[in-house]
Amino acid sequence: MTTKELTCVVCPAGCRITVTLNDKGDIESIEGYTCLRGKTYAANEVTHPVRTLTSTVTIETAEGKKMLPVRTDAGIPRERLFDAMKIVRATRAKAPVHTGDILVADFIEPGTNLVACKDFL
Ligand code: SF4
């Protein structure tokens, strides 16, 4: 048996959650969560941790090059963040861009996209 102590980051309450794994790495119990979102977070965090990536890419505008805030529209595997940043650094946008526009489709994983977080018209 192994126990993992986590702080839930889904909401500001920051509940302390304890996940117990058996010798095969399967979840035996989850304790300390206040709501089901926290239970799901804890289960994912010990079996398949993901992160929403936020960063910036260069965008060409009429006033020259600017920095466009971007993020993934879903979590990507934590172990792929280094690969993800390589793609972000190589990505260039060109105005006009609207908030929510997809800059890179199927980013790291099918169905996950890198999207713009600001308008550049
Ligand atoms: S378990 Fe629920 S209430 Fe507690 S921090 Fe997570 S989301 Fe918030």
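## Arg 37 and the model

Arg 37 is found in helix α1, where helices are DSSP runs of H or I with at least four residues, strands are DSSP runs of E with at least two, and both are numbered from the N terminus. With 12 C-beta neighbours inside 10 Å, Arg 37 counts as exposed; a residue is called exposed if 12 or fewer other C-beta atoms lie within 10 Å of its own, buried if 20 or more do, and partly exposed in between, with C-beta atoms placed from the backbone. The C-alpha atom of Arg 37 is separated by 25 Å from that of Asp 106, a residue 69 places away along the chain.

This is a predicted model, in which local features need pLDDT of at least 70 and side-chain atom pairs count only at pLDDT 80 or more, while totals for chains, interfaces and linings use all residues. Residues are numbered from 1 along each chain as its sequence is written.

## Two domains

The domain assignment of the chain gives domain 1, covering 2–48, and domain 2, covering 54–116; these bounds come from an automatic or database domain assignment. Between the C-alpha centres of domain 1 and domain 2 there is a distance of 30 Å.

## Helix α1

Helix α1 takes in residues 36–47, which makes 12 residues, and reaches 17 Å from its first C-alpha to its last. That span is close to the 16 Å expected at 1.5 Å a residue, where the expected span is 1.5 Å times one less than the number of residues. The buried residues of α1 are Gly 38, Tyr 41 and Ala 42. They cover an arc of only 95 degrees around the axis, which puts them on the same side of α1; the arc is that of the directions from the helix axis to the C-beta atoms. An α-helix has 3.6 residues a turn, so residues three or four places apart point the same way.

Thr 47 and Glu 5 are 42 residues apart in sequence, and their C-alpha atoms are 14 Å apart in space.

## Around the ligand

The ligand is surrounded by Cys 8, Val 10, Cys 11, Ala 13, Gly 14, Cys 15, Tyr 33, Thr 34, Cys 35, Arg 37 and Gly 38, a residue being near a molecule if its C-beta atom, placed from the backbone, lies within 6 Å of it. By class, this shell has seven nonpolar, three polar and one charged residues; Ala, Val, Leu, Ile, Met, Phe, Trp, Tyr, Cys and Pro count as nonpolar, Asp, Glu, Lys and Arg as charged, and the others, Gly among them, as polar.

Gly 14, one of the residues around the ligand, has its place in the loop between β1 and β2. Gly 14 is exposed, with 11 other C-beta atoms within 10 Å, and, leaving aside neighbours within four places in sequence, Gly 14 is in contact with Thr 7 and Cys 8.

Ala 93 is found in strand β8 and counts as buried, with 20 C-beta neighbours inside 10 Å. Not counting residues up to four places away in sequence, Ala 93 touches Val 57, Ile 59, Leu 68, Leu 103 and Ala 116. The C-alpha atoms of Ala 93 and Ala 105, which are 12 residues apart along the chain, are separated by 13 Å. In the loop between β8 (92–94) and β9 (102–104) lies Pro 96, and the peptide bond from Ala 95 to Pro 96 is cis, with omega near 5 degrees.

The loop between β9 and β10 (114–116) holds Asp 106, whose phi is near 50 degrees, a positive value in a residue other than glycine. Asp 106 is exposed, with 11 other C-beta atoms within 10 Å. Ile 108 is also found in the loop between β9 and β10, and has a positive phi of about 70 degrees although it is not a glycine. With 18 C-beta neighbours inside 10 Å, Ile 108 counts as partly exposed.

How values were computed
Two residues are in contact if their C-beta atoms, placed from the backbone, lie within 7 Å.
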